[in-house]
Amino acid sequence: MNQTEIRVLIADNETVFREGLKLLIQTPFKIKIVGEACNGEILLEQAYALKPDIVLTDIAMPIMDGIAASKELFKKLPDSRVIALSAHAKDEFILQMIELGVMGYLVKSAEIEEIKEAIYTVYNRKPYFCKTVTARLTEIVSRNYKLPLQNNRLFSEREQQIIQLICKEFTSKEIAETLHLSKRTVEGHRTRIMSKIGAKSIAGIITYAVQQGIYKREQ
């Protein structure tokens, strides 16, 4: 990440939550909260006017929810970087937001440091999904694809190890520690994996891994 402050817009209908989050994640010279919204309509007004680097939005909001707001935002500002921050990790919410093009999804129980890491990651146009959401994606894909194990020679042994760990909900930092690599090396492998299969997110890697039999969910 460069030295420029990351400009963030927070959307959540709970004032206390917004104020607390703003105090906890705002960091001098790193993260700056430039706007707040209590519903989807105000989110759009703020986003169009301020053009923040990151939009951090709840899903369940009055007047216009986070899903509808994100859909409209991508129509006008298709390069927007959106992170969903929701109390719910429901399958339909996760899939709808990913289909729209959000680059991150966190549950509200996430640690503040993880929220910051998600902001830094998405700012650099890399996807970030918390463990809870990654687990749900793995479950969804495993439930819907029952293909036989295939011999896949597209990936190196190291890449296959990383794919396995991604499907087991490991973050880049945890993968690096497990395989005794640097976090930068792991992210490089992840980028190459995504390029090989044409995936745009971690969800794409998980889907491909289960379809191709590279990863089999433990029963």
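How many nonpolar, polar and charged residues are in the lining of the largest pocket? Point 2 takes this up. The notes below concern a predicted model.

1. The pairing is parallel in an open sheet of six strands, ordered 2-1-3-4-5-6. Strand 2 (31–37) and strand 6 (128–129) are the edge strands. Each has a single partner strand, so one side of each lacks a neighbour in the sheet. Strand 1 (residues 6–11) and strand 3 (residues 54–57) run parallel and are joined by four bridges. Within this part of the sheet, Ile10 is placed opposite Leu56 of strand 3.

2. **Largest pocket.** By class, the lining has eight nonpolar, three polar and four charged residues. The volume of this pocket is about 370 Å³. It is lined by 15 residues, and those closest to its centre are Gly101, Val102, Met103, Lys200 and Ser201. Helix 4 contributes the most to the lining, with three residues.

3. **Helix 3 against helix 4.** The same helix 4 (residues 91–100) also packs with helix 3 (residues 66–76). The angle is about 10°, and the axes are 10 Å apart. Angles under 35 degrees count as roughly parallel, so helix 3 is roughly parallel to helix 4. On the helix 3 side, the contact is made by Gly66, Ile67, Ser70, Lys71 and Phe74. Helix 4 supplies Phe93, Gln96, Met97 and Leu100. By class, this contact has five nonpolar residues, three polar and one charged.

4. **Positive phi at Lys51.** Most residues other than glycine have a negative phi. Lys51 is not a glycine, yet its phi is positive, about 45°. Where does Lys51 lie? It is in the loop between helix 2 (40–50) and strand 3. Strand 3 is the strand that four bridges join to strand 1.

5. **Positive phi at Arg125.** Arg125 has a positive phi too, of about 60°, and is not a glycine either. This residue sits in the loop between helix 5 (112–123) and strand 6.

Conventions. Residues are numbered from 1 along each chain as its sequence is written. This is a predicted model: local features need pLDDT of at least 70, side-chain atom pairs count only at pLDDT 80 or more; totals for chains, interfaces and linings use all residues. Side-chain values use heavy atoms; hydrogens and water are left out. Axes are lines fitted to C-alpha atoms, for helices over the stretch in contact, and angles run from 0 to 180 degrees between N-to-C directions. Helices (H or I, at least four residues) and strands (E, at least two) are DSSP runs, numbered from the N terminus. Angles under 35 degrees count as roughly parallel, over 145 as roughly antiparallel, 65 to 115 as roughly perpendicular and the rest as oblique. Contact means heavy atoms within 4.5 Å. Ala, Val, Leu, Ile, Met, Phe, Trp, Tyr, Cys and Pro count as nonpolar, Asp, Glu, Lys and Arg as charged, and the others, Gly among them, as polar. On a 1 Å grid over the protein atoms alone, a cavity is a set of points where a 1.4 Å probe fits but cannot get out, and a pocket is an open set with protein on both sides within 12 Å along at least five of seven lines; lining residues have an atom within 4 Å of a point. Grid points are joined across faces, edges and corners, and a volume is the space filled by probe spheres set on the points. Two strands pair if DSSP finds at least two bridges between them.
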